[in-house]
Amino acid sequence: MQLLMPADAPVHFDGREQAHDLTLSHVKQARKRICFFGTTLDSILYNHADCLEAISAFARRTYHAKAQFIVHNTQHALSQGHGLIGLSQKLTSSIAIKATDPQHRQLTQYFLLIDDIAYLFGQHVMRYLGHVSFEDVSETRHQQQLFEQIWSHGHPDLLTRRLAL
């Protein structure tokens with residue numbers, strides 16, 4: 001017997017593969033805005049061809065599409081040749097990467113917000129354990145307020161910006 005859950009009921013996830021699949025599903029769902037906050041640009045979640053293709057398609061779909069990533073540190077991602085960094089350098093009007101202000105560096109959680117409706121949340125970026133909802137306007141709005149605060153205090157990440165010569 002299958003139990004039906006409300007559309008806004010959070011679903012728990014545990015593991016890299018499940019976190020990646022849920023991230024990809026969320027990114028493919030995006031129409032207007034993708035927001036990510038975390039300690040780093042996670043390779044498991046964002047440095048796979050399928051996810052990079054979905055972010056690229058999202059960014060090219062409409063002029064108004066915005067993908068915003070704000071993290072504590074991009075050095076590891078840069079040294080690993082993270083595909084999202086190259087993509088952000090090509091699509092500068094749609095994809096932005098910022099570094100967090102020191103006042104937010106004690107935060108260890110990560111979250112992905114899609115438009116004004118869906119989210120993925122985890123307590124610690126190195127543990128792929130958390131919850132996700134594809135339709136929870138209230139919680140997404142709550143996380144969006146935190147994201148806006150962190151984003152407004154962040155600064156352009158000098159390591160990932162595009163150099164024009």
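This is a predicted model: local features need pLDDT of at least 70, side-chain atom pairs count only at pLDDT 80 or more; totals for chains, interfaces and linings use all residues.
A crossing of two helices is called right-handed if the near helix is turned clockwise from the far one by less than a right angle, and left-handed if it is turned anticlockwise.

Let me take helix 3 and helix 5 to start with. Helix 3 passes helix 5, which covers residues 83-90, and the crossing between them is right-handed. Their axes lie 10 Å apart and the packing angle is about 15 degrees, and because angles under 35 degrees count as roughly parallel, helix 3 and helix 5 are described as roughly parallel to each other. On the helix 3 side the residues involved are L52, I55, S56 and R60, and these meet G83, L84 and L87 of helix 5. Sorted by class, this contact comprises four nonpolar residues, two polar ones and one charged one.

Now to the other partner of helix 3 that I want to show, which is helix 1. The axes of helix 1, residues 16-29, and helix 3, residues 49-61, come within 9 Å and cross at roughly 15 degrees, so that this pair, too, is roughly parallel. The crossing of helix 1 and helix 3, however, is left-handed. Helix 1 contributes H20, T23, L24, V27 and K28 to the contact, while helix 3 contributes D50, C51, A54 and I55. By class, that contact has five nonpolar, two polar and two charged residues.

N73 sits between strand 3, residues 66-71, and helix 4, residues 75-79, and with a relative accessibility of 34% it counts as partly exposed. What does the side chain of N73 reach? It reaches the backbone nitrogen of Q75, at 2.6 Å. If we set aside residues up to four places away in sequence, N73 touches T39, T40 and L41. N73 also lies 8.1 Å from T100, C-alpha to C-alpha, although the two are 27 residues apart in sequence.

Finally, I would like to turn to helix 6, residues 137-153, where we find Q143. Is Q143 buried or exposed? Its relative accessible area is 8%, and Q143 is therefore buried. The side chain of Q143 makes a polar contact, at 2.9 Å, with the side chain of E139. Beyond its neighbours within four places in sequence, Q143 is in contact with F111, L113 and F121.

Terms used
Residues are numbered from 1 along each chain as its sequence is written. Side-chain values use heavy atoms; hydrogens and water are left out. Axes are lines fitted to C-alpha atoms, for helices over the stretch in contact, and angles run from 0 to 180 degrees between N-to-C directions. Helices (H or I, at least four residues) and strands (E, at least two) are DSSP runs, numbered from the N terminus. Angles under 35 degrees count as roughly parallel, over 145 as roughly antiparallel, 65 to 115 as roughly perpendicular and the rest as oblique. Contact means heavy atoms within 4.5 Å. Ala, Val, Leu, Ile, Met, Phe, Trp, Tyr, Cys and Pro count as nonpolar, Asp, Glu, Lys and Arg as charged, and the others, Gly among them, as polar. Buried means under 20% relative accessible area, exposed over 50%, partly exposed in between (1.4 Å probe, protein chains only). A polar contact is a pair of N or O atoms within 3.5 Å; within protein, one must be able to donate a hydrogen and the other to accept it, and residues adjacent in sequence count only if both atoms are side-chain atoms.
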